[in-house]
Amino acid sequence: MRNHLTRRRFIRTAAAGSAAVSWLHAGRTPTVLGAQADKPALLGGQPAHTGVWPGWPEWRQSWEPEILKVLRSGRWFRGSGAGKVPEFEAAYATLLGAKRCLATASGTTALTTALHVMGVDAGDEVIVSPYTFIATYNAVLIHKALPVFADTDPETFTIDPASIESRITERTRAILPVHIYGMPCDMDPINAIAKKHKLGVVEDACQAWLAEYKGQMCGTLADLGCFSFQNSKHIPCGEGGAITGNDSDLLDRCHAFHNCGRGTGNFQGRGYFTRGNNFRMQHFQAAILLQQFDKLVKETQVRRENADYLTAHLKEIPGITPARLPENSRAVWHLYPLRYDAEQFSKLPRSGFMKALRAEGVPCSSVYHEQYSDGLLDEAINSRGYQRLFSAKRLKAYRDSFQELEGNRQVCSTTVGLSQNLLLAKRAAMDQVIEAVRKIQAHSAALAKLA
Ligand SMILES: Cc1ncc(COP(=O)(O)O)c(C=O)c1O
């Protein structure tokens with residue numbers, strides 16, 4: 001089994017790859033050089049990576065005593081008073097530099113709560129990033145509001161601030177940008193637009209634990225920030241979420257909504273003063289999360305270093321474009337995305353590229369598609385509730401507006417993503433990823449014939 005690329009072999013492949021790159025730039029087919037590069041696995045060569053990738057999620061035996069303490073206490077739900085949940089809330093707020101944190105049952109319930117508290121109600125509109133996990137849309141739909149999609153900037157994969165203002169109507173209540181894959185959105189222009197139009201801003205930071213924008217953590221850059229601690233996340237506990245922010249009144253309102261409408265903090269003693277739900281986190285979840293702070297900080301550093309290394313090398317390969325981050329920001333890479341240009345790979349379709357990459361031992365996926373065309377929005381806007389709340393003209397214009405999302409279409413049709421656990425592997429494995437892409441590039445013409 002060959003876990004590590006030998007230095008000689010790497011230099012040989014890299015040299016062939018970069019020579020092939022110069023040929024491609026010169027507009028010629030690198031047939032001779034391509035033959036020198038190692039063959040892709042799909043053409044009978046050795047896979048670039050043959051070891052195993054780090055697994056996810058992970059746990060440590062040392063976590064067991066704290067979890068057992070909760071079990072043996074018999075006090076498993078948060079209720080009022082002390083316990084692992086408030087302990088986690090205080091620690092997570094400190095970690096992020098936020099004034100307050102409220103733990104919730106999931107990222108979806110965090111978003112649902114935050115939007116309610118920002119005043120999103122039936123018949124309202126929320127400007128949403130279309131390039132996201134479906135829960136972002138659902139959190140708006142659950143309030144019987146319209147998720148109005150701004151476009152995605154193909155360079156950053158996040159909401160294009162220039163596409164927001166034209167979508168604001170008299171019904172717009174809030175903007176919901178998503179720091180997708182832990183890459184911060186360009187928040188300054190978004191906050192400026194929100195201020196101008198008196199709109200709330202909720203950050204979907206469900207993939208952005210410790211991501212930074214201009215020296216501040218994601219989740220502290222707007223009115224409220226929402227996180228997920230679901231099993232796949234960088235700090236997981238099965239299911240879990242949090243809302244962060246600096247405004248005590250808003251956080252007290254969130255607390256009430258997530259706890260069946262009971263007043264706490266500023267609203268203490270007012271009974272059930274508001275509507276609510278049961279979106280509470282359990283002490284078991286908080287006990288698991290509390291064990292993982294150091295791990296999260298250390299692993300975030302490793303992911304960053306490996307992602308920077310991949311970017312520095314992959315961007316040199318024609319047809320591969322890594323993401324551009326806003327100035328002075330740091331991503332945490334829940335996924336490492338790149339855009340794939342088939343034209344530069346002898347028209348090898350993205351599916352063929354991914355098949356070849358997987359054959360090299362590098363798992364990858366196309367991640368999000370144009371989900372607004374799947375039917376969930378048709379189902380919503382054709383429902384009795386939406387038909388009562390919005391005019392037929394508005395709903396038709398809304399449905400037609402999906403066609404305008406050219407940037408998002410580009411991102412959905414060209415993205416190839418590597419999942420976060422790959423970035424926890426040794427540097428030699430990153431070299432193997434780069435080698436795999438170079439091999440595919442050098443032999444793209446032959447691979448295109450197979451596809
Ligand atoms: C961008 C984004 N938003 C919202 C969510 C919803 O979080 P949860 O699965 O914890 O409900 C997720 C989770 O995958 C997410 O990635």
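**Notebook: a helix crossing and some charged pairs**

I looked at H11 and H16 and found a right-handed crossing (near helix turned clockwise from the far one by less than a right angle). The model is predicted; local features need pLDDT of at least 70, side-chain atom pairs 80 or more, while totals for chains, interfaces and linings use all residues. Residues are numbered from 1 along each chain, and side-chain values use heavy atoms, without hydrogens or water.

The axes of H11 (residues 350-359) and H16 (residues 427-442) come within 10 Å and cross at roughly 130 degrees. I took axes as lines fitted to C-alpha atoms over the stretch in contact, with angles from 0 to 180 degrees between N-to-C directions. Phe353, Ala356 and Leu357 of H11 make the contact with Ala436, Val437 and Ile440 of H16 (heavy atoms within 4.5 Å). Helices are DSSP runs of H or I, at least four residues, numbered from the N terminus.

Next I checked salt bridges (Lys or Arg side-chain nitrogen within 4 Å of an Asp or Glu carboxyl oxygen). I find 24 in the structure. Arg78 pairs with Glu89, closest N and O atoms 2.6 Å apart. Arg78 lies in the loop between H3 and H4 and Glu89 in H4, so the pair ties together parts 11 residues apart in sequence. Both Arg78 and Glu89 are buried (under 20% relative accessible area, 1.4 Å probe, protein chains only).

Terms used:
Helix = DSSP H or I, 4+ residues; strand = E, 2+ residues; numbered from the N terminus. Buried < 20%, exposed > 50% of the residue type's maximum accessible area, 1.4 Å probe, protein only.
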